[in-house]
Amino acid sequence: MKRALSVPNRVSRRRLLAAGGALALGPLLAACGDGTDDGGTGDESARSAGDAVGGGPWSFKDDRGQTVRTDSEPKTLVAFVSTAAALHDYGIECKGVFGPTEPIEGKPNPQAGDLDVSKPTSLGTAWGQFNVEKYAALEPDLLISNMFPAPDLWYVPEESRKKIEALAPSVGISIARTSLLNPLRRTAELADSLGADLGAKKVTDAKARFDRATGTLREAAGASGGLKVLAVAGHADQLYVAVPDSYCDLNHFKDLGVEFVGGEKPDEWGFWEALSWENADKYHADLIMVDNRSTALPPKELAKKPTWRQLPAVKAGQTTPWSMEERFSYAGFAPVIEQLATAVKKSKRLDT
């Protein structure tokens with residue numbers, strides 16, 4: 001499965017193929033819940049980083065438990081594309097990005113969010129691509145990426161990791177086997193430390209929309225009568241079924257009452273169950289969430305698979321995009337949750 005699988009950076013290609021200011025921070029994040037991820041010590045990070053906004057030394061404790069310290073607030077930022085897009089939602093811009101940015105079927109890549117991908121320097125768009133020379137030329141102050149799972153930085157190649165790490169410190173945000181609320185909170189804390197105004201109307205409006213969307217999905221799930229939902233990524237030779245608890249968004253949707261099926265026999269990393277297309281009907285689902293990344297088959301290609309066309313949910317038109325690597329900002333996830341809530345409301349239980 002070509003680089004689309006969310007698996008550690010340390011795996012080989014062969015294995016991969018087989019498989020409002022600081023004052024506003026408290027109330028804004030408290031509304032997300034009180035969950036914490038393995039490495040998260042958000043209060044400490046927010047306090048120490050908040051001091052840097054005034055021009056002093058900067059520090060941030062990431063989800064690896066590592067505290068990054070610099071003499072001043074980092075200005076030249078380089079990040080995985082969806083991480084850069086999340087920071088952009090808080091008014092923090094990155095000079096360089098890495099990861100998928102190409103349009104999909106003529107439309108902007110969903111992983112880039114509202115980010116204008118023509119502005120930052122691209123260090124590579126595919127798995128394993130990271131132009132170290134371009135990165136060095138940017139004279140980076142900080143490298144930022146998600147971790148899926150920790151401690152590896154997503155899309156930072158293992159073979160060049162030491163060279164990359166020697167050029168600038170890095171921050172990792174954990175997004176695996178945790179609630180969505182945690183990377184949302186941690187990304188907001190990081191943005192705050194880098195000078196974002198978390199009290200800005202754009203930010204608070206996005207948070208309010210996220211909260212409304214969350215309530216809508218909870219109501220829709222509760223009224224669905226036990227609707228069964230499956231999350232998948234289609235590829236040429238196999239259909240990959242997600243293990244819900246391993247993905248922070250699906251994990252959170254479960255907390256809101258969405259009933260997921262699938263992923264009973266996951267791969268060695270615990271994220272996917274690979275089914276041959278002949279066995280694509282292993283799980284009964286009333287609604288199917290379909291990976292919308294450029295590395296997965298788009299709907300028109302999935303439609304060429306006979307066993308896909310015969311799935312009850314597909315025949316009933318009960319499918320919806322799955323923003324599997326959405327940016328971790330409230331602005332990013334509010335419409336994602338709204339879309340899922342609408343799909344749940346419109347879907348009906350189907351005969352098995």
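**Strand pairing and helix packing in the predicted model**

Strand 1 (residues 58–61) and strand 2 (residues 67–70) run antiparallel and are joined by 4 bridges. Within this pair, Lys 61 has Thr 67 of strand 2 as its bridge partner. The hairpin formed by strand 1 and strand 2 has 5 residues between the strands, and Gly 65 takes a positive phi near 85° in this hairpin. The model is a predicted one. The protein as a whole contains 13 helices and 13 strands. Of its 352 residues, 56% are buried. The accessible surface comes to about 14,900 Å², and carbon and sulfur atoms account for 49% of that surface.

Strands of a sheet pair through backbone hydrogen bonds, in either a parallel or an antiparallel sense. An open sheet of 5 strands, with parallel pairing, has the order 5-4-3-6-7. Strand 5 (121–122) and strand 7 (170–174) each have a single partner strand and stand at the edges, so one side of each is left without a neighbour in the sheet. Strand 3 (residues 77–80) pairs with strand 6 (residues 142–147) in the parallel sense over 3 bridges. Leu 77 stands opposite Leu 142 in strand 6.

Helix 4 (residues 81–89) packs on the sheet, where it touches strand 3, strand 4 (96–98) and strand 6. The direction of helix 4 makes about 120° with that of strand 3. Helix 7 (residues 181–193) also packs on the sheet, touching strand 6 and strand 7, and its direction makes about 155° with that of strand 7.

Ile 173 lies in strand 7. With a relative accessible area of 1%, Ile 173 is buried, because a residue counts as buried under 20%. Not counting residues up to four places away in sequence, Ile 173 touches Asp 63, Ser 145, Asn 146, Met 147, Pro 183, Arg 186 and Thr 187. The C-alpha atoms of Ile 173 and Phe 148 are 8.9 Å apart in space, while the two residues are 25 residues apart in sequence.

Helix 13 (residues 330–346) has 17 residues, which at 1.5 Å a residue should span 24 Å; the C-alpha atoms at its ends are 24 Å apart, in agreement with this value. The buried residues of helix 13 are Tyr 330, Gly 332, Phe 333, Ala 334, Val 336, Ile 337, Leu 340, Ala 341, Ala 343 and Val 344. An α-helix has 3.6 residues a turn, so residues three or four places apart point the same way.

Methods. Residues are numbered from 1 along each chain as its sequence is written. This is a predicted model: local features need pLDDT of at least 70, side-chain atom pairs count only at pLDDT 80 or more; totals for chains, interfaces and linings use all residues. Side-chain values use heavy atoms; hydrogens and water are left out. Two strands pair if DSSP finds at least two bridges between them. Helices (H or I, at least four residues) and strands (E, at least two) are DSSP runs, numbered from the N terminus. Contact means heavy atoms within 4.5 Å. Axes are lines fitted to C-alpha atoms, for helices over the stretch in contact, and angles run from 0 to 180 degrees between N-to-C directions. Buried means under 20% relative accessible area, exposed over 50%, partly exposed in between (1.4 Å probe, protein chains only). Accessible areas come from the Shrake-Rupley method with a 1.4 Å probe; for residues, only the protein chains shown count as cover. The expected span of a helix is 1.5 Å times one less than its number of residues.
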